[in-house]
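Open the model in a viewer and keep the selection panel at hand. The stops below are meant to be taken in order.

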2 protein chains.
Amino acid sequence: MSNLMYSMSVPVFVRMLGNLSAILDKGAAYAEAKKIEPAVLLNARLYPDMFPLTLQVRIAGDYAKGAAARLTGNEPPKYEDSETTFAELKARIARTLEYVQSHAPESFQGSDERDIELKIRGEMRRFKGAHYLAHIVLPNFYFHVTTAYGILRHNGVELGKADFVNPL
Amino acid sequence: MSNLMYSMSVPVFVRMLGNLSAILDKGAAYAEAKKIEPAVLLNARLYPDMFPLTLQVRIAGDYAKGAAARLTGNEPPKYEDSETTFAELKARIARTLEYVQSHAPESFQGSDERDIELKIRGEMRRFKGAHYLAHIVLPNFYFHVTTAYGILRHNGVELGKADFVNPL
């Protein structure tokens, strides 16, 4: 029996967060080559009231760890949100990946029907696992990974679609 | 039996493309209110060698119609790529939504194991349906919807995350 709740979540997070980590490497290398203070890129935004790069990276990972936890009946671990350098953001991604991969594929069986409760804008809401993954986790996860990419791209870091989406 | 290949694809496209259509409305209204030539927004990019808004919208829809077709064993319809106005882009989204919704949920049953062939950068590749949806369709679909949002946001259109991701 196929285990789509697993294959639509964990391997997706592993691939995309791995790519995001490599994208951050390119951002850090660009800052060094151009003698740009890394904080300039880390605090860059596409618009003043959007989140800066640092938060885009943190939040993307948080959707991944939240999903791995909740779909398997666990409480997501809390991280401190104290990262201020490329290296610290990469360490957070690595820690997130370790957590996400610590859940056996079998523990996702049947999670499409699992009741997931979460607080959204101060209100407790309940969703089935399939809805939570398809309509909350993945859109938000991809929103923040894409926006992180867009921020660096907009600031001149040489990235291409392949950095976002490879390997196929 | 749950039908995750359907629920992870068609309803996702319907919701996100509907939101994208409403986001374009806000872009068009903003252009009018600020007396900005709509083409300025339609041709806006986050970086000179990235695609402009018009292409982001077209390509997002193409991943949706491609998925609805291929996962159900059909050939994706070809559209002309001639849109140059907000109204024409919205009409293309509407046409895409009609096509995507024309496939019965039952026709997605078992599509996780279906062989999907597609040409990527000139090379014929074969993927299982689940891999195609999780690792090709969804990342690219979300990339282009998010980038369309980001382009308008970067140009001052008053949008918030809820425009992207609601209703929950």
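**Whole model**

Begin with everything displayed, and keep in mind that this is a predicted model. Its scores are ipTM 0.97 and pTM 0.98. Colour chain A by pLDDT: the mean is 96, and 99% of the residues of chain A reach 70 or more.

**The two chains**

Now superpose chain B on chain A. A rotation of 180 degrees does this, with 0.0 Å of shift along the axis and an RMSD of 0.0 Å. The two copies are therefore related as by a two-fold rotation axis. The same surface serves both copies, since 100% of the contact residues of chain B recur in chain A.

**The hairpin of chain B**

Select residues 115–120 and 123–128 of chain B, which are strand 1 and strand 2. These strands pair in the antiparallel sense over six bridges. Pick Glu117(B) and look across to strand 2, where Arg126(B) is its bridge partner. Next go to the turn: two residues lie between the strands, and Arg121(B) takes a positive phi near 45 degrees.

**The largest pocket**

Select Ile59(A), Asp62(A), Tyr63(A), Leu118(A) and Lys119(A), the lining residues that lie nearest the centre of the largest pocket. Its volume is about 1100 Å³, and its lining has 41 residues in total.

Which elements each supply at least two residues of this lining? From chain A they are helix 4 (53–71), strand 1 (115–120) and helix 6 (129–154); from chain B, helix 6 (129–154) and helix 7 (161–165). Show helix 4 of chain A by itself to see the element that gives the most, with nine residues. Coloured by class, the lining divides into 18 nonpolar, seven polar and 16 charged residues.

**The second largest pocket**

Move to Asp62(B), Tyr63(B), Arg70(B), Leu118(B) and Lys119(B), which lie nearest the centre of the second largest pocket. This pocket holds about 700 Å³ of space and is lined by 25 residues.

Helix 4 of chain B gives the most here, with six residues.

Terms used
Residues are numbered from 1 along each chain as its sequence is written. Chains are lettered from A and ligands numbered from 1 in the order in which they are written. This is a predicted model: local features need pLDDT of at least 70, side-chain atom pairs count only at pLDDT 80 or more; totals for chains, interfaces and linings use all residues. Side-chain values use heavy atoms; hydrogens and water are left out. Two strands pair if DSSP finds at least two bridges between them. Helices (H or I, at least four residues) and strands (E, at least two) are DSSP runs, numbered from the N terminus. Copies are superposed by least squares on the C-alpha atoms of residues with pLDDT of at least 70 in both. Contact means heavy atoms within 4.5 Å. pLDDT is the predictor's confidence in each residue, from 0 to 100. On a 1 Å grid over the protein atoms alone, a cavity is a set of points where a 1.4 Å probe fits but cannot get out, and a pocket is an open set with protein on both sides within 12 Å along at least five of seven lines; lining residues have an atom within 4 Å of a point. Grid points are joined across faces, edges and corners, and a volume is the space filled by probe spheres set on the points. Ala, Val, Leu, Ile, Met, Phe, Trp, Tyr, Cys and Pro count as nonpolar, Asp, Glu, Lys and Arg as charged, and the others, Gly among them, as polar.
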